[in-house]
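Let's take a friendly walk through a protein chain together. Have a look at the model first, and then we will go from one side chain to the wider picture.

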Amino acid sequence: MRQKPPEPLGSEITSESLYLRRRELLKSAALFTGTAAAVGTGLQLLSNRPTGGGTPLLATPGEAPKVVRPRGPYDTDERATSYEDATTYNNFYEFGLDKGEPAENAHTLKPRPWTVVIDGEVHKPQRVDMDTLQSWFPLEERVYRMRCVEAWSMVIPWLGFPLAGLLRRVEPTGKAKFVSFTTLKDPEQMPGQKYPVLDWPYVEGLRLDEALHPLTMLAVGMYGRVLPNQNGAPLRLVVPWKYGFKGIKSIVRITLTEKQPPTTWSRSNPREYGFYANVNPEVAHPRWSQASERRIGELRRRPTLPFNGYAEQVASLYTGLDLRRHF
């Protein structure tokens with residue numbers, strides 16, 4: 001048997017239990033036919049809506065961004081990953097386990113009509129349709145690093161708005177300490193949910209102070225275009241100092257809680273995937289090192305940056321916390 005290398009070599013890495021079930025999912029490939037299509041007709045209503053702040057207008061898939069603007073205070077100065085790579089190399093198990101399957105299979109998702117529930121420990125719970133939700137906030141473009149727990153990375157220009165704005169709008173109660181996020185559960189739209197590779201629906205969570213941090217955003221687009229289905233349309237979480245699995249996709253519920261919410265990967269394999277999931281080159285994954293990463297589109301590996309390069313902005317959130325224990 002060939003010995004497993006100490007670090008990933010850019011291959012598709014999943015947990016061992018999911019890999020063992022991979023052949024079962026591949027047998028159902030006939031259910032996952034078709035190619036990635038433009039997102040629903042409703043999203044095209046966004047294509048001509050001004051976003052304010054000098055940011056690009058949100059174009060439909062296949063169109064170029066309307067405006068190229070100077071980089072802002074939250075942006076990395078690194079070269080962005082190509083749009084093609086960022087939209088065809090994805091983890092989204094609701095549409096398949098291989099990296100290319102979400103782009104091939106996510107045409108079954110219908111991102112309009114779409115409603116989001118914001119509830120729990122809030123004074124003003126809401127059930128709001130996606131277009132209304134988006135109308136509440138001007139869109140901002142943020143060019144962020146994205147680091148997958150599998151030791152590969154990208155640089156992506158996201159379009160969205162700070163999560164803090166939405167949370168303040170619903171007025172958290174004094175009991176609110178955490179925020180839980182839930183993905184759509186609909187096996188007809190997300191055929192991968194027909195198989196128990198994870199405990200569906202996908203759930204993620206943040207501490208309230210993490211959720212309120214100005215770097216944390218809800219994305220509705222990328223590269224000046226509406227968010228493709230395979231990248232989490234119509235609404236996904238972006239937390240750039242954490243591993244990518246924290247960036248939950250296709251959100252339908254945001255719940256503020258007093259206690260730390262159980263999250264999908266932490267339930268599935270707590271030894272490998274912690275609740276915090278802060279990018280940390282000093283804490284290895286049990287099956288590979290996190291000291292370096294492979295940037296998609298590049299040949300050589302590069303050193304992993306603490307907190308994915310955002311330590312100056314976020315390290316103070318974890319003062320006194322043992323990051324090896326609370327990984």
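## Starting at arginine 145

In this predicted model, a polar atom of the side chain of arginine 145 lies 3.2 Å from the backbone oxygen of asparagine 308. Where does arginine 145 sit? Its place is in strand S3, which covers residues 140–147.

Arginine 145 has a relative accessible area of 15%, and buried means under 20%, so arginine 145 counts as buried. Leaving aside residues up to four places away in sequence, arginine 145 touches Thr76, Glu78, Met154, Val155, Pro240, Leu305, Asn308, Gly309 and Tyr310. Keep Glu78 from that list in mind, as we meet it again below.

## Glutamate 78 and its salt bridges

A search of the whole structure finds 17 salt bridges. One of them joins the side chains of arginine 295 and glutamate 78, at 2.8 Å from N to O. Arginine 295 belongs to strand S11 (residues 292–295), while glutamate 78 is in the loop between helix H2 (22–27) and helix H3 (83–88), so this pair ties together parts that are 217 residues apart in sequence. Are these two partners buried or exposed? Both arginine 295 and glutamate 78 are buried.

Glutamate 78 also meets the side chain of arginine 302 in a salt bridge, at 3.1 Å from N to O. This pair links distant parts of the chain, 224 residues apart: arginine 302 is in strand S12 (residues 301–303), and glutamate 78 is in the loop between H2 and H3. The relative accessible area is 16% for glutamate 78, which is buried, and 25% for arginine 302, which is partly exposed.

## Another bridge, and a network

Next, turn to the side chains of arginine 253 and aspartate 119, which meet in a salt bridge at 2.3 Å, N to O. Which parts does this pair tie together? Arginine 253 lies in strand S10 (residues 251–257) and aspartate 119 in strand S1 (residues 115–120), so the bridge connects parts that are 134 residues apart in sequence. With a relative accessible area of 32%, arginine 253 is partly exposed.

Some salt bridges share partners, and in this way Glu78, Arg145, Arg147, Glu293, Arg295, Glu298 and Arg302 are joined into one network.

## One face of helix H6

Now for a helix. In H6 (residues 163–170), the buried residues are Leu163, Ala164, Leu166, Leu167 and Val170. Why do they line one face of the helix? Looking down the axis of H6, you would find its buried residues within an arc of 160°, so they line one face. Just after H6 comes glutamate 171, which takes a positive phi of about 60°.

## The whole chain

Stepping back, the chain has 9 helices and 12 strands. Of its 327 residues, 57% are buried. Among contacts between residues at least 6 apart in sequence, 73% join residues at least 24 apart. The chain exposes about 14500 Å², and carbon and sulfur atoms supply 54% of that area.

The average pLDDT of the chain is 85, and 78% of the residues score at least 70. Over residues 1–7 the pLDDT stays under 50, and the model has 8 contacts there beyond four places in sequence. The pLDDT is also below 50 over residues 14–56, a stretch with 91 contacts in the model beyond near neighbours in sequence. Where pLDDT is low, the predicted coordinates should not be read in detail.

Notes. Residues are numbered from 1 along each chain as its sequence is written. This is a predicted model: local features need pLDDT of at least 70, side-chain atom pairs count only at pLDDT 80 or more; totals for chains, interfaces and linings use all residues. Side-chain values use heavy atoms; hydrogens and water are left out. Helices (H or I, at least four residues) and strands (E, at least two) are DSSP runs, numbered from the N terminus. Buried means under 20% relative accessible area, exposed over 50%, partly exposed in between (1.4 Å probe, protein chains only). A polar contact is a pair of N or O atoms within 3.5 Å; within protein, one must be able to donate a hydrogen and the other to accept it, and residues adjacent in sequence count only if both atoms are side-chain atoms. Contact means heavy atoms within 4.5 Å. The arc is that of the directions from the helix axis to the C-beta atoms. Accessible areas come from the Shrake-Rupley method with a 1.4 Å probe; for residues, only the protein chains shown count as cover. pLDDT is the predictor's confidence in each residue, from 0 to 100. A salt bridge is a side-chain nitrogen of Lys or Arg within 4 Å of a carboxyl oxygen of Asp or Glu.
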